[in-house]
Amino acid sequence: MGMTMIEKLLARKAGIPRVQAGDTVVVDVDMCVLIDLQFATTWVQPVRIADPERVAVVMDHAVPAPSLKDATGGTHARAFVKEFGIERFYDVGRHGICHEVIAENGLARPGEILACTDSHTCAAGAYNTGARGLGPVEMYAILCTGSTWFQVSPTVRYELTGRLPGYVSGKDIFLHIAATWGDATNQNLEYGGPGLASVPMNDRRTIATQGAEISADFSTFGVDDVLRSFLAERGVTGFEAADADPDAAYLDVRTVDLDGLEPYVARPGTVSGNAVPVSDIEHRRLDQAFIGSCANGQLEDLRIAAEILDGRTVAPGVRLLVTPASQQVYREAMKAGYLQILADAGAVVTNSTCGACFGYHMGVLGPGEVCLTSSTRNFTGRMGSTEAEIFMAAPATVAASAVTGYITDPRSLA
Amino acid sequence: MTPSIQPITGRAWVFGDALNTDAMYPAHAMKLDLAEAAKHVFAQVRPGWTDLVRPGDILVAGKNFGVGSSRPVPTLFQHLGIAALIAEEFNSLFLRNAINAGLPALTVPRATTFFSDGDIATLDVTTGRYANQTTGAEERTAPLPDLVLDIIGNGGVLPMLARAGYLPEAVAGLLLSGAGGGLR
C-alpha cells in the first residue's frame, strides 16, 4: 500500500521507509517561524537555539503595537534576533501576516516541514509543505531543539474537476467543502485532480489556510506547473516534492465539481455544516464588511474588490475595512491603483496586520453588529463582542455587499 | 527516564461539543496576564464557572474540543487548577498544547454521557483506564503514546528544556523547583 502526500513527506523527514495513519513520528523542522505574540507573553530568551538559519521572526498580529504589552513583545523580539543573528526578521515596515510573508519569501518549500505559532500555518500546504500551527510552548521547544513529533492522522483526498467559474474563488470552494462534509478533526486533507490547474495559487492558499476551521491537521496540495512557476518567481528551487502514490490509502476520496460552484456564505458561529450558496442566504443588513487576513488579504483579493468597487460607493451605514496581507501586497496594490479605488469608494485601508480578523485591534465589532468578513474565522466573539454576528464570504461577495449594504451575489453587480 | 504519572481523581465538569478557543481565551483576554485571562474562560458558554472551579477538578468535553487558535488555553486551565482534560475528540493543536503544558489529556468515547456534572472521575493516562466513582462504571481506552507520557510526566516541555540547559539558570531553577508555573 502506498502513501498519501503528507505520509510520504513525514516518512522522508523522519528518515523511515513508510508511515501510516496511527504512527507517531519524530521529525526535524526545516523552518521555525515565530510571531510577535510569542514575545509578548512571558518570553524568556533561550540560552541557545538549534539553528538561526532555520528561524524567521514575523511581526504581524499586533502591529504597530496597540498596547504596552505588545510594544514590550516587540522589544523582546528585536533583542532576540539581534542576539542570535536571525537574518529573516520581518519587522514593522517590511512585515506582513506571517503566512503571506512565508509565501513571498520562499520560506515554505515543497516536501519540507514548516512550523509557526499561528493556527493558520496549514496555509503553506498550498506549496506542498508539511505545515502546522503549533502552540507557543511547542514553538519554543522547536526553536531550541530543531525537532518535534507528529501523530499521523488518516487523509481525506479532494478531487477537483471542471473549471473555476468567474466570481467564484478559493473561499467558495472551501465553504462548499465545509458546508458539505463538515469537520475534519484528526484528519489530513489533500487536494488534487484535473480541476486544480484552474485554481490559482492565491485560491489554493485560501483553501489550505482554512483547513484549521474544520479542525484538520495538515492540508496539502501537489506540485504542478502552476506551483512550480510560483516558486520559481520566489527563488525556490532544488526541492523534492511529496507526491501521493497511486495506491495511497485514503479515509475517503471526495469530488468537487468546480463548474457548478456558486459563491458561498457561512452563517455565524462556524463554517462546518453552516454555509449556503449566496442565492440561499437571508437578506441581512451589514454594519461592517472586512476584506483581509492571511486567507483573503492577498493581492488578487484586493484586485477583485477594486474591480467591483470601481466607480461605486460603500453603502451608507456600512464600514468597509481593507487590510492587505503584507506590506508588499500594500505597495503592489498601491502601484496598481487598487488602494486609490478602494479609498475613493469609501473603504478604510489599514496597514497589514492580523488585527480585525482576531478581534484584537483595528475593526473590533460592537454588540448587535453584523459583519460580513472574508477573513479566516467566524466563531462567536471572534471579532469582538460575543453579541455580534459574523458571516463569512469571498472578497468579491464582501465588496458587492459593501456596495448594497446587505449580503449580495457579486455576479449581480458584474 | 519518564517519571511515573499517577491516576488522577477529581470532580467532573461536563461541557458540550466544538468548544472553540475564542470561547476559552477571547482576544480581549490576550491583553491581560495569564492569571487574569484565566477568569474569562467559558465566560459566555457558562458564565461564572471560573468562580466555581476548584483545584483538582477535571474538565470533560465532547467532540472537536479546542478547535481554533494556537493560544495556550491549557495554561489557563492550569491557572484555574484543572488537573486533567477528558474529551470525546480533541482538536490536535489543542491536544498538543495540553501535552506540552504538562496537562494530562485523554480521549474517551462517549465521555459526556459517561460522566455528569459533579461526578467523581478517575483517569490513568498510562493504562487508559477511566472510571466514574459516582456511578461505579469503569472502562478502558487507548493509553497515551510513550513519547507523550514522557512529556506529561516531566511536567511539560519547558522543564525538559530547562533540564537540557536551553533556559537561563535562574528561570530553569524556578521551573524545576515547581515555582515557575507562571512562566508557562
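Four cavities of 30 Å³ or more are found in this predicted model. The search runs on a 1 Å grid over the protein atoms alone: a cavity is a set of points where a 1.4 Å probe fits but cannot get out, a pocket is an open set with protein on both sides within 12 Å along at least five of seven lines, and lining residues have an atom within 4 Å of a point. Grid points are joined across faces, edges and corners, and a volume is the space filled by probe spheres set on the points.

Start with the largest cavity. Its volume is about 630 Å³. It is lined by 42 residues, and Leu37(A), Gln38(A), Thr117(A), Pro136(A) and Pro72(B) are the closest to its centre. Helices (H or I, at least four residues) and strands (E, at least two) are DSSP runs, numbered from the N terminus. By class, the lining of the largest cavity holds 23 nonpolar, 13 polar and six charged residues. Here Ala, Val, Leu, Ile, Met, Phe, Trp, Tyr, Cys and Pro count as nonpolar, Asp, Glu, Lys and Arg as charged, and the others, Gly among them, as polar.

The second largest cavity has a volume of about 100 Å³. Its lining has 13 residues, with Ser119(A), Arg132(A), Ala212(A), Ala216(A) and Leu93(B) closest to the centre. Strand 6 (130–133) of chain A and helix 5 of chain B each supply at least two of the lining residues. The classes are five nonpolar, six polar and two charged.

Now turn to the largest pocket. Its volume is about 610 Å³. The lining counts 26 residues; Gln151(A), Asn186(A), Phe90(B), Leu95(B) and Thr107(B) lie nearest the centre. At least two lining residues come from each of strand 7 (147–151) of chain A, helix 5 (92–100) of chain B and strand 4 (105–107) of chain B. Helix 5 of chain B gives the most, with four residues. The lining of this pocket divides into 12 nonpolar, nine polar and five charged residues.

Next comes the interface. The contact (heavy atoms within 4.5 Å) takes 45 residues from chain A and 40 residues from chain B. The size of an interface is often given as the accessible area lost when the parts come together. Between chain B and chain A, about 3,500 Å² is buried, and carbon and sulfur atoms give 58% of that area. Buried area is the accessible area (1.4 Å probe) that two parts lose on being put together, summed over both. Of the area that chain B buries against chain A, Lys31(B), Arg96(B) and Tyr166(B) supply 20%, more than any other three residues.

Polar contacts cross this interface too. There are 20 such residue pairs between chain B and chain A, both at pLDDT 80 or more. A polar contact is a pair of N or O atoms within 3.5 Å; within protein, one must be able to donate a hydrogen and the other to accept it, and residues adjacent in sequence count only if both atoms are side-chain atoms. On the side of chain B that touches chain A, two or more residues come from each of helix 5, helix 7 (146–153) and helix 8 (157–163). Helix 5 of chain B gives the most to that side, with six residues. By class, that side has 22 nonpolar, 12 polar and six charged residues.

Side chains of opposite charge can pair when their charged atoms come close. A salt bridge is a side-chain nitrogen of Lys or Arg within 4 Å of a carboxyl oxygen of Asp or Glu. Two salt bridges are found across the interface of chain B and chain A. Arg96(B) and Glu138(A) meet in a salt bridge at 2.7 Å, N to O. Over all chains the count is 29. Within chain A, Arg54(A) and Asp30(A) form a salt bridge at 3.4 Å, N to O. Arg54(A) lies in the loop between helix 2 and strand 3 (55–58), and Asp30(A) in the loop between strand 1 (24–28) and strand 2 (31–35), so the pair ties together parts of chain A that are 24 residues apart in sequence.

Two backbone details remain in chain A. Val63(A) and Pro64(A) are joined by a cis peptide bond, with omega about -20°. Pro64(A) sits in the loop between strand 3 and helix 3 (68–84) of chain A. Asn128(A) is not a glycine, yet has a positive phi of about 65°. Its place is in the loop between strand 5 (113–116) and strand 6 of chain A.

Residues are numbered from 1 along each chain as its sequence is written, and chains are lettered from A and ligands numbered from 1 in the order in which they are written. In this predicted model local features need pLDDT of at least 70, side-chain atom pairs count only at pLDDT 80 or more, and totals for chains, interfaces and linings use all residues, while side-chain values use heavy atoms, with hydrogens and water left out.
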